[in-house]
Amino acid sequence: MAFLATLWSVRLTYNFYRRGGYDGWPFNIFGGEEDYRWEILRRGTLGGWWTLLTNKFILSVFNLVFISLYQNWLLLYIASPSLVAWSMAMKRTHCDDDKGVETSSSLNAIDRIAALIFLFALCIESMADNQQLRFQNRKRANVVFMHSLHSVSGAGNFASAMKSIAAKATENNKELIDGFCQSGLFAIVRKPNYAAEQLIWISYYFFSVGATWQQNQGTVSWVNWSMGGFILLCLLFQGSGWLTEEISSSKYPTYRDYQRRVP
């Protein structure tokens with residue numbers, strides 16, 4: 001479990017780094033990239049109840065309570081299956097009651113299935129990160145290139161030809177015109193990284209289930225107190241996904257059609 005959680009953290013840290021999250025470190029710890037949704041919330045672009053966050057005091061309270069406290073507590077909670085597995089291992093090692101109840105302290109079938117699902121979801125999430133990053137880099141490069149072409153003075157044959165070629169290339173790439181990624185994993189599901197992240201922590205919970213497997217009785221406890229971690233995480237992603245899609249729908253005219261086509 002520690003090895004898998006470390007792999008997950010390495011992927012997250014690397015993805016944050018290559019998106020500019022650590023720019024300015026160590027001299028300016030707040031110099032990195034900010035989640036683009038914050039600026040939209042501060043401006044009140046979405047309207048409705050979201051406009052409350054345009055108030056600096058309310059935004060500060062939201063940041064302290066929901067972002068700083070709740071989400072850090074939730075990170076501990078989703079990792080709590082580790083504590084369940086550890087406590088069962090300690091019980092097996094130190095609290096044997098000699099009643100013939102053998103609780104497995106080694107890897108079993110549930111552990112192996114959970115590990116495979118975890119690794120599969122981690123691969124999917126990494127692929128989705130790479131595909132999204134490549135698209136965003138192409139999108140930025142295309143904007144810069146088109147801007148440089150339009151800044152070319154005069155109407156010479158070479159400049160006109162280059163502008164025509166660039167416009168034709170953009171027309172042939174629907175994604176660049178629409179403004180959002182729709183290929184690869186994003187042609188299968190709109191938020192593959194969100195789906196994979198939720199699957200990672202659901203599979204992590206099943207390590208705690210495997211730890212309760214009493215082999216000689218053939219019983220498994222499918223529910224324990226650490227289940228709440230992945231449930232709350234899934235609820236958080238529902239809200240976060242809804243917010244992200246509302247922003248995308250307001251920015252890109254064809255996004256509604258993409259929502260109808262892709263689950």
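A polar contact is a pair of N or O atoms within 3.5 Å; within protein, one atom must be able to donate a hydrogen and the other to accept it, and residues adjacent in sequence count only if both atoms are side-chain atoms. The structure examined here is a predicted model, in which local features need pLDDT of at least 70 and side-chain atom pairs count only at pLDDT 80 or more, while totals for chains, interfaces and linings use all residues. Residues are numbered from 1 along each chain as its sequence is written, and side-chain values use heavy atoms, with hydrogens and water left out.

The chain contains 10 helices and 0 strands, where helices (H or I, at least four residues) and strands (E, at least two) are DSSP runs numbered from the N terminus. Of its 263 residues, 36% count as buried; buried means under 20% relative accessible area, exposed over 50%, and partly exposed in between (1.4 Å probe, protein chains only). With contact defined as heavy atoms within 4.5 Å, residues 24 or more positions apart account for 74% of the contacts in the chain with a separation of 6 or more.

Helix H8 (192-211) is mostly covered, as 16 of its 20 residues are buried. From its first C-alpha to its last, H8 reaches 30 Å, close to the 28 Å expected at 1.5 Å a residue; the expected span is 1.5 Å times one less than the number of residues. Glycine 210 is placed in H8 and is buried, with a relative accessible area of 0%. Residues up to four places away in sequence aside, glycine 210 touches Asn108, Ile110 and Asp111. Its C-alpha atom is separated by 7.4 Å from that of valine 220, 10 residues apart along the chain.

Threonine 212 is found in the loop between H8 and helix H9 (227-251). This residue is buried, at 12% relative accessible area. A polar atom of the threonine 212 side chain lies 2.7 Å from the backbone oxygen of valine 209. Not counting residues up to four places away in sequence, threonine 212 touches Met88, Thr219, Val220 and Ser221.

A nonpolar core is a set of buried Ala, Val, Leu, Ile, Met, Phe, Trp, Tyr and Cys residues joined through side-chain atoms within 4.5 Å. The largest has 34 residues, of which Trp8, Phe118, Ile200, Trp201, Leu233 and Tyr258 touch the most other members. Two or more residues are given to this core by each of helix H1 (2-18), helix H3 (56-78), helix H5 (109-150), H8, H9 and helix H10 (255-261). A second, separate core of 7 residues includes Trp38, Leu59, Leu243 and Ile247.

Aromatic pairs were also counted. Rings of Phe, Tyr and Trp (its six-membered ring) pair if their centres lie within 6.5 Å; planes under 30 degrees apart count as stacked, over 60 as edge-to-face and the rest as tilted. By this rule there are 22 aromatic pairs. The rings of tyrosine 77 and tryptophan 225 are stacked, because their centres are 6.5 Å apart and their planes at 10 degrees. Tyrosine 77 lies in helix H3 and tryptophan 225 in the loop between H8 and H9, so the pair ties together parts that are 148 residues apart in sequence. Tryptophan 201 and tyrosine 204 instead form an edge-to-face pair, 5.1 Å centre to centre with 70 degrees between the planes. Both lie in H8, 3 residues apart, about one turn of the helix, and both are buried.
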